Amino acid sequence: MSWAAAFPHSEATFHGAIASGNTVVLEYTWNVTRTGPMPTPKGEVVGTGKSASVRSASVIEMRDGKAASCRQYFDLNTLFTQLGLV
């Protein structure tokens with residue numbers, strides 16, 4: 001929920017998908033604008049209106065035709081650098 005509040009305007013561009021057995025892998029780019037508050041270990045940071053673009057991947061485990069779990073991978077340092085947080 002905190003990510004949704006920090007990035008209420010986000011869009012994903014999908015580049016590829018592959019499925020094997022009960023596993024689906026998606027590759028995409030998140031394009032976000034940080035307009036809301038974002039919690040960090042050092043406290044909440046107010047929105048700046050800065051935009052970022054970061055490549056990501058999700059690994060989704062399917063069970064009975066539905067997503068049972070999802071793990072998302074992306075470079076947090078690249079995201080934070082583009083947003084001016086590091």
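Modeller: Of the 86 residues of the protein, 20% count as buried. Keep in mind that this is a predicted model.

Biologist: Thanks. What pattern does the protein follow along the sequence?

Modeller: The order is α-β-β-β-β-β-β-α, which gives 2 helices and 6 strands. The C-alpha trace spans about 40 × 20 × 20 Å along its principal axes.

Biologist: Let's turn to charges. How do you know that Arg-55 forms a salt bridge with Glu-27?

Modeller: The closest N and O atoms of Arg-55 and Glu-27 are 2.6 Å apart. The cut-off is 4 Å between a side-chain nitrogen of Lys or Arg and a carboxyl oxygen of Asp or Glu, so a pair within that limit is called a salt bridge. This one links distant parts of the chain, with Arg-55 in strand β5 and Glu-27 in strand β2, 28 residues apart.

Biologist: Why are Arg-55 and Glu-27 called partly exposed?

Modeller: Arg-55 has a relative accessible area of 47%, and Glu-27 has 37%. Buried means under 20% and exposed means over 50%, so values in between are called partly exposed.

Biologist: How many salt bridges does a search of the whole structure find?

Modeller: That search finds 2 salt bridges. Besides the Arg-55 and Glu-27 pair, Glu-61 forms a salt bridge with Arg-71, where the closest N and O atoms are 3.6 Å apart. Here too the pair links distant parts of the chain: Glu-61 is in strand β5 and Arg-71 in strand β6, 10 residues apart.

Biologist: Glu-61 has a relative accessible area of 24%. Why is Glu-61 called partly exposed rather than buried?

Modeller: Buried requires a value under 20%, and Glu-61 is at 24%, so Glu-61 counts as partly exposed. Arg-71, at 36%, is partly exposed as well.

Biologist: On to the pocket. What is the volume of the largest pocket, and which residues line it?

Modeller: The volume is about 260 Å³. The lining includes Trp-3, Ala-4, Phe-7, Tyr-28, Trp-30, Val-32 and Phe-74, with Ser-10, Ser-56 and Gln-72 also among the lining residues.

Biologist: Which elements each supply at least two residues of that lining?

Modeller: They are α1 (2-6), β2 (23-33), β5 (51-63) and β6 (66-74). The largest share, 3 residues, comes from β2.

Biologist: Which residues form a nonpolar patch on the surface?

Modeller: Trp-3, Phe-74 and Leu-76 form that patch, with about 280 Å² of accessible area together. Trp-3 and Phe-74 also belong to the lining of the largest pocket. Leu-76 is found in helix α2 (residues 76-82).

Note on methods:
Residues are numbered from 1 along each chain as its sequence is written. This is a predicted model: local features need pLDDT of at least 70, side-chain atom pairs count only at pLDDT 80 or more; totals for chains, interfaces and linings use all residues. Side-chain values use heavy atoms; hydrogens and water are left out. On a 1 Å grid over the protein atoms alone, a cavity is a set of points where a 1.4 Å probe fits but cannot get out, and a pocket is an open set with protein on both sides within 12 Å along at least five of seven lines; lining residues have an atom within 4 Å of a point. Grid points are joined across faces, edges and corners, and a volume is the space filled by probe spheres set on the points. Helices (H or I, at least four residues) and strands (E, at least two) are DSSP runs, numbered from the N terminus. Buried means under 20% relative accessible area, exposed over 50%, partly exposed in between (1.4 Å probe, protein chains only). Patches are made of residues with over 30% relative accessible area and no salt bridge: like charges are joined within 9 Å, nonpolar side chains (Val, Leu, Ile, Met, Phe, Trp, Tyr) within 5 Å. Accessible areas come from the Shrake-Rupley method with a 1.4 Å probe; for residues, only the protein chains shown count as cover.
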